[in-house]
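Take a moment with the sequence and the model below. Then follow the chain from its strands to its core.

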Amino acid sequence: MKNEVAAEPFTAIHTQVIAAREGRDPRVIARLFSGWAVFGEQQFVRGYALLLPDPVVPNLNALGARERIAFLSDMSRLGDALLKVTGAARINYAIFGNQEPALHAHVIPRYGDEPEALRSAQPWAYDWSAAPSFERATYQELAGSLLLRRRRRRRRRLVRRCCSGR
């Protein structure tokens, strides 16, 4: 059962989801079951991405049980793909909603060659204002690798279902 919530304010997350739906957001990686995988506007680490729900809701608790499971599953699958294609040491996940009061998940690759002072720090220790802005041309190859990995996984799942009689 979905938790009841008051009318939500229109946020930057709403704007991003509308742009993704309309094909106007160059940061889109893929449409997932629960929403949109997009690269972060500031690439403080290579491959920083977000998962934006579609439709937008105020927070994780506003989703019904199935939608919540789908969102969290999509978030971890995005992390799996980033881990594989970036060669990251691990993935950090964060859901806050304090500055933008709408559900969105940060999916953050972490690397062994990050500056030592930042390597074990939380991602907000970085100077995001000094981070390079996302440019599609720079991240085209990474986006392509993520999409290819997603298609291969989907194909394997379909083959397993077909061959196992499910």
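A residue is called buried when its relative accessible area is under 20%, exposed when it is over 50%, and partly exposed in between, using a 1.4 Å probe and protein chains only. Helices (H or I, at least four residues) and strands (E, at least two) are DSSP runs, numbered from the N terminus. Keep both in mind for strand β5, residues 105-110. Six of its six residues are buried, so β5 is largely enclosed by the rest of the structure.

Before going further, know what you are looking at. This is a predicted model, where local features need pLDDT of at least 70, side-chain atom pairs count only at pLDDT 80 or more, and totals for chains, interfaces and linings use all residues. Residues are numbered from 1 along each chain as its sequence is written, and side-chain values use heavy atoms, with hydrogens and water left out. The score pLDDT is the predictor's confidence in each residue, from 0 to 100. The mean pLDDT of the protein chain is 89, and 87% of its residues reach 70 or more. Residues 157-166 are another matter: pLDDT stays under 50 there. For that stretch the model has one contact (heavy atoms within 4.5 Å) beyond four places in sequence. Where pLDDT is low, the predicted coordinates should not be read in detail.

Now the overall plan. The protein chain has four helices and five strands. From the N terminus on, the elements run α-β-β-β-α-β-β-α-α. Of the 166 residues, 43% count as buried.

Two strands pair if DSSP finds at least two bridges between them.

Return to β5. Three bridges join it to β3 (residues 49-53), and the two run antiparallel. Here Leu51 has Ala105 as its bridge partner. With β4 (residues 90-95), β5 pairs over six bridges, again in the antiparallel sense. Here Tyr93 has Val107 as its bridge partner. Both faces of β5 are covered: Ala105, Val107 and Pro109 are buried on one side, and His106, Ile108 and Arg110 on the other.

Is Arg110 buried or exposed? Arg110 counts as buried, at 0% relative accessibility. Its side chain reaches the backbone oxygen of Arg119 at 3.5 Å. Leaving aside neighbours within four places in sequence, the contacts of Arg110 include Ala88, Asn92, Leu118 and Tyr126.

Compare Ile18, in helix α1 (residues 12-21). Ile18 is partly exposed, with a relative accessible area of 30%. Beyond four places in sequence, Ile18 is in contact with Phe10 and Arg24.

Next, the core. A nonpolar core is a set of buried Ala, Val, Leu, Ile, Met, Phe, Trp, Tyr and Cys residues joined through side-chain atoms within 4.5 Å. The largest one has 44 residues. Those with the most contacts inside it are Ile29, Phe39, Phe44, Val45, Phe71, Leu82 and Leu146. At least two residues each come from α1, β1 (28-31), β2 (35-39), β3, α2 (65-86), β5 and α4 (136-164). Helix α2 gives the most, with five residues. Look at Leu146: not counting residues up to four places away in sequence, it touches Ile29, Phe39, Ala81, Leu82 and Val85. In soluble globular proteins, nonpolar side chains tend to be buried together.

A cis peptide bond joins Asp54 and Pro55, with omega about 10°.

Terms used: A polar contact is a pair of N or O atoms within 3.5 Å; within protein, one must be able to donate a hydrogen and the other to accept it, and residues adjacent in sequence count only if both atoms are side-chain atoms.
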